[in-house]
Amino acid sequence: MFAEYKRDVSHNYLILHGDETINTTSYQVRILTGNTMSSILKCRMQGLDGTWLFYYDITSKQSLASFYEQRKLQGEDLEMILKGFLHVIEEMAEFLLNTEQLVLCPEYIFLDVEKKEVSFCCLPDYHHPVQEQFRELTEYLLPKLDHEDPTAVNLGYGIYRKAMEPGMQLENIKELLYRSENSKEKIAESDTKIRDKEEYVEEMEEPPQFFQEEKKEKKDRKWQPAAGCAVGVLFLLGILIFRYLGYFPEIPIEVVLGAAILLMGVGAGWTWMEEKKKKKQEQSAEWRNKVQRELAGMNIEKHETERNNTGRKEIKDIEQKSEKQNRTEQNSWECEKTGEDTAEQETYGETVVLSAGQLSGTASLVSREPGELPTVYLERELTVIGKLEQASDVVISLPTVSRVHARIRKTGENYYLADLNSRNGTSVNGRLLGAEEEYFLQDEDQVDFAQARYVFLKG
């Protein structure tokens, strides 16, 4: 089976075709291209070199393999996938379609995150037993289960065991889904444990210093070519003056004027390039200072909060110590009065102050228009960008930004940008990214999510 991706003005397509000749007048093809089933991706055919290509509209949808590349499968995610599978099998049976033509590869199963719907591809010349495909799909999903979610574990391994049995029926999947929903309700009612995760950070050794005045730039060798051009022009003008006074009659005036104009052009061009480079450096410094100021504010706020909490803890410790000391003195006075031995004095340790550590070296996306868009800090291994709050780590509330628009994947110290089949596309330095393309971000790359204009700073 051949597969590729294509983008036009406002749509993204998955293109599939097999190796067999397709009867375009068959019932299967007419139903598929008629777009009458909600669980099958909208499809159209196009002939090319004697073969038929099937174009599936995947605009604003994410493939199962891409969406769960860095995510863990929760119980509700697995239920959504299984319910989608049941729905498409029931619809195909209703329309008398051959279920062996259903493509259950994770790369060709697509999710609508906002609507929580699953869509599938149906290819007329694709012939693979659906039970075998379903078993391979469950084997793919097992390693991606969130093993801290009991619903995901029970349902995932239960479905896998059923898929391994010969002659599996849809009723088996429905039964497991029903049991999963009931057990999930019981767990939600009985689960009263609260997990507290405390983060211990080291005390800042030095306060952030982000507000120092910029040093004046020294005159260096970058202006020497322009200065040399200016000296050359003056020299040629001197020769021209001597030529008019009667000296050097053999030198043509046109040659002297042409050389002077050429040198002036070179000097002006060099000066313009240096000014443009200086302006870009100043703009880059302004972006970096903005990130540093925001990080400094975050650190100071965390430090103040931690210090206030520590102060309250110290006051409470002092009050408790004073109360215990008063109680000990009272017991001692009573023991002396009755002639009994006094109790041993208790000892107390010192209070340790824990302060927030300084955030440094954080890669970020900074708005190219000051104050228009918030700064995006890329601290996670996978950052999803879009305008749907439930599915995105970074929300950009612009009408041209798709619900799930793009993602940035962090691998070590490197960052990779990919468009997620958005309607208006994602571009880097003016170049539109293709479908399924991952771009290695470089420092100060200009990244556009439709009309959201950012610059990438590596930190």
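Modeller: A cavity is a set of points on a 1 Å grid over the protein atoms alone where a 1.4 Å probe fits but cannot get out; its lining residues have an atom within 4 Å of a point. Grid points are joined across faces, edges and corners, and a volume is the space filled by probe spheres set on the points. The largest cavity here has a volume of about 60 Å³, and the structure holds 4 cavities of 30 Å³ or more.

Biologist: What should I know about the model first?

Modeller: This is a predicted model, in which local features need pLDDT of at least 70 and side-chain atom pairs count only at pLDDT 80 or more, while totals for chains, interfaces and linings use all residues. Residues are numbered from 1 along each chain as its sequence is written, and side-chain values use heavy atoms, with hydrogens and water left out.

Biologist: Which residues line the largest cavity, and which elements give two or more residues to the lining?

Modeller: The lining is made by Leu78, Leu82, Thr138, Leu141, Leu142, Leu145, Gly156 and Ile159. Two or more residues each come from α3 (75–94), α4 (130–141) and α5 (150–164). These names follow DSSP runs numbered from the N terminus: helices are H or I with at least four residues, strands are E with at least two.

Biologist: How many of the lining residues are nonpolar, polar or charged?

Modeller: Ala, Val, Leu, Ile, Met, Phe, Trp, Tyr, Cys and Pro count as nonpolar, Asp, Glu, Lys and Arg as charged, and the others, Gly among them, as polar. By that list the lining has 6 nonpolar residues, 2 polar and no charged.

Biologist: What is the span of α3 set against?

Modeller: The expected span of a helix is 1.5 Å times one less than its number of residues. With 20 residues, α3 reaches 28 Å from its first C-alpha to its last, close to the 28 Å expected.

Biologist: What makes α3 "mostly covered"?

Modeller: Buried means under 20% relative accessible area, exposed over 50%, and partly exposed in between (1.4 Å probe, protein chains only). In α3, 14 of its 20 residues are buried.

Biologist: Why is Leu96 called exposed?

Modeller: Leu96 has 64% relative accessibility, so it counts as exposed. Leu96 lies in the loop between α3 and β6 (102–103), and its phi is near 60°, a positive value in a residue other than glycine.

Biologist: Why does Lys116 count as exposed?

Modeller: Its relative accessibility is 59%, so Lys116 counts as exposed. Lys116 sits in the loop between β7 (110–112) and β8 (117–119) and has a positive phi of about 55° although it is not a glycine.

Biologist: What makes the contact of Asp419 and Arg7 a salt bridge?

Modeller: The term requires a side-chain nitrogen of Lys or Arg within 4 Å of a carboxyl oxygen of Asp or Glu. The side chains of Asp419 and Arg7 meet at 2.8 Å, N to O. Asp419 lies in strand β15 (residues 414–419) and Arg7 in strand β1 (residues 2–7), so the pair ties together parts that are 412 residues apart in sequence. Asp419 is buried, as is Arg7.

Biologist: Is Arg407 buried or exposed, and how far apart are the N and O of its salt bridge with Glu438?

Modeller: Arg407 has a relative accessible area of 10%, so it is buried, whereas Glu438, at 32%, counts as partly exposed. Their salt bridge is 3.4 Å, N to O. Glu69, Arg407, Arg409 and Glu438 are linked in a network of salt bridges, and the count by this rule comes to 13 salt bridges.

Biologist: How do you know that β12 and β14 pair?

Modeller: Two strands pair if DSSP finds at least two bridges between them. Here 4 bridges join β12 to β14, which run antiparallel; Leu382 has Arg409 in β14 as its bridge partner. Strand β13 (residues 394–395) pairs with β12 in the parallel sense over 2 bridges.

Biologist: Why is β12 called largely enclosed?

Modeller: 5 of the 5 residues of strand β12 (residues 382–386) are buried, so the rest of the structure largely encloses β12. Leu382, Val384 and Gly386 are on one side, Thr383 and Ile385 on the other.

Biologist: What makes β11 and β17 edge strands?

Modeller: The open sheet of 6 strands has the order β11-β10-β20-β19-β16-β17, with antiparallel pairing. Each of β11 (376–377) and β17 (431–432) pairs on one side only.

Conventions: 1 Å grid on protein atoms, 1.4 Å probe; cavity = no way out; pocket = protein on both sides within 12 Å on 5 of 7 lines; lining within 4 Å.
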